[in-house]
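Please look over the fold shown here. The report below goes through its strands, its backbone and its charged pairs.

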Amino acid sequence: MRIGIIRLSALGDCIVCAAFLAYFLKTLESHGQKIHITWFVDSRFAGILEHSPYIHSLELITLKHQSFRQLFSLTRHLAKIRAFDLLIDMQGLLKSALIGAFLKKNKFLGFSFLSAKESLSALFYSHSVRIAYQENILKRNALLILQAQKLLGIDSALLTSELHKMLSYRQEVFSYSKQASKQSTKAVDSLRLIFVLEASLESKTYHPLLFSELAILLDKRLKNTEIILLTHRHKHKAEQIFKTTKSQLQNITLTQITNLNLDVIKALVSSCDLLIGGDTGITHLAWALARPSITLYGNTPKKRFELLGEKTISLSANTKATYKKDDFSINTITPQTIASHVFVLLDML
């Protein structure tokens, strides 16, 4: 049986959607189905899904900065792909639905008119699920997977009773190369923490000076600890932390790491004992890999984006967040509050 999944972007959304794959395939295979999964993903984020034992083929899609000729070539390629028994649009955008429209399929599943981010996408589906757009992202994706199973003839349990089970296999989905693993080896009997210093928006990022204060607080209780300052483009944020903590850290070593590929990032996050960051893809990855993590919410509503899992803590600065780009309330979460949760997660209390 051939199943296609469309989730092009963004990084964190691809991670959250993929977290359900292991449960999905295990359920189908337990009913005697032989499954082939093809995932359609934006080429910028393909690395997060590569090496997964639950994805049999990746179709890399490039839409940005493409000429009409290149887009036409893409549609011809999509039309030539072997037909799917079931195609699932987990994105709910017009562009993702249009990609599905060019693919051959027996059934096309997505979010309903009132449930999708872009309502017109629902016009392309043969089957849909209805759930409020503002509902938690885990519940939205889980409902889609349960409906997919139903379309394939498998009765599913109620969402409320099945969600934790659906996520219990999530770390199996994400894998990485041996080379990436070698690059991410940590010292024996040491702790490794990661501070995520960037996000898609500055308002989703904790300020470097507050991270500096947090490092100083942690240094008072943690021993033999490395804190990785993870950046992609903004190296100055890590440099600011180095400068403001100079001569104040006795037990903690700071390491700046920048511009890694997603293969190495998966291995690095997998090796950490705790990760702290805003509501962004790398923080979602720690959750997906079942690593202890603290997610800091400011301009995004915690209720909608909170991820459930053991040793996963969510701290919100604004209970009425509405995605405003000038909402920097994330910086009102005190380093003292974060530190207290760090010690709990590391069994220090």
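## A pair of facing residues

Trp-39 stands opposite Leu-58 in strand 3. Strand 2 (36-42) and strand 3 (57-61) run parallel and are joined by 5 bridges. Two strands count as paired if DSSP finds at least two bridges between them. Helices (H or I, at least four residues) and strands (E, at least two) are DSSP runs, numbered from the N terminus.

This is a predicted model: local features need pLDDT of at least 70, side-chain atom pairs count only at pLDDT 80 or more, and totals for chains, interfaces and linings use all residues. Residues are numbered from 1 along each chain as its sequence is written, and side-chain values use heavy atoms, with hydrogens and water left out.

## The sheet

Strand 2 also pairs with strand 1, in the parallel sense, over 5 bridges. Here Gly-4 has Thr-38 of strand 2 as its bridge partner. Strand 2 is mostly covered, with 6 of its 7 residues buried. Buried means under 20% relative accessible area, exposed over 50%, and partly exposed in between (1.4 Å probe, protein chains only).

The open sheet has 6 strands in the order 3-2-1-4-5-6, with parallel pairing. Strand 3 and strand 6 (127-129) are the edges, and each pairs on one side only. From one strand to the next, the twist averages 20 degrees. Helix 5 (residues 137-151) packs on the sheet and touches strand 4 (86-89), strand 5 (108-111) and strand 6. Contact means heavy atoms within 4.5 Å. The direction of helix 5 makes about 155 degrees with that of strand 5. Axes are lines fitted to C-alpha atoms, for helices over the stretch in contact, and angles run from 0 to 180 degrees between N-to-C directions.

## Backbone exceptions

Most residues other than glycine have a negative phi, and most peptide bonds are trans. Ser-9 and Ala-10 are joined by a cis peptide bond, with omega about -10 degrees. Ala-10 sits in the loop between strand 1 (2-6) and helix 1 (11-18).

Two non-glycine residues have a positive phi: His-51 at about 75 degrees and Asn-259 at about 55 degrees. His-51 is in the loop between strand 2 and strand 3. His-51 is partly exposed, at 45% relative accessible area. Asn-259 is in the loop between strand 9 (252-258) and helix 10 (262-271). Asn-259 counts as exposed, at 53%.

## Salt bridges

Side chains of opposite charge can pair when their charged atoms come close. A salt bridge here is a side-chain nitrogen of Lys or Arg within 4 Å of a carboxyl oxygen of Asp or Glu. The count comes to 7 salt bridges.

One of them joins Asp-273 and Lys-186, with the closest N and O atoms 2.5 Å apart. The two residues are 87 residues apart in the chain. Asp-273 is buried at 17%, whereas Lys-186 is partly exposed at 27%.

Another joins Glu-226 and Arg-192, with the closest N and O atoms 3.0 Å apart. Glu-226 lies in strand 8 (residues 225-231) and Arg-192 in strand 7, so the pair ties together parts 34 residues apart in sequence. Glu-226 and Arg-192 are both buried.

Glu-202 also bridges to Lys-237, with the closest N and O atoms 2.8 Å apart. Glu-202 is in the loop between strand 7 and helix 8 (208-219), while Lys-237 is in helix 9 (residues 235-245). Glu-202 is partly exposed at 43%, but Lys-237 is buried at 4%.
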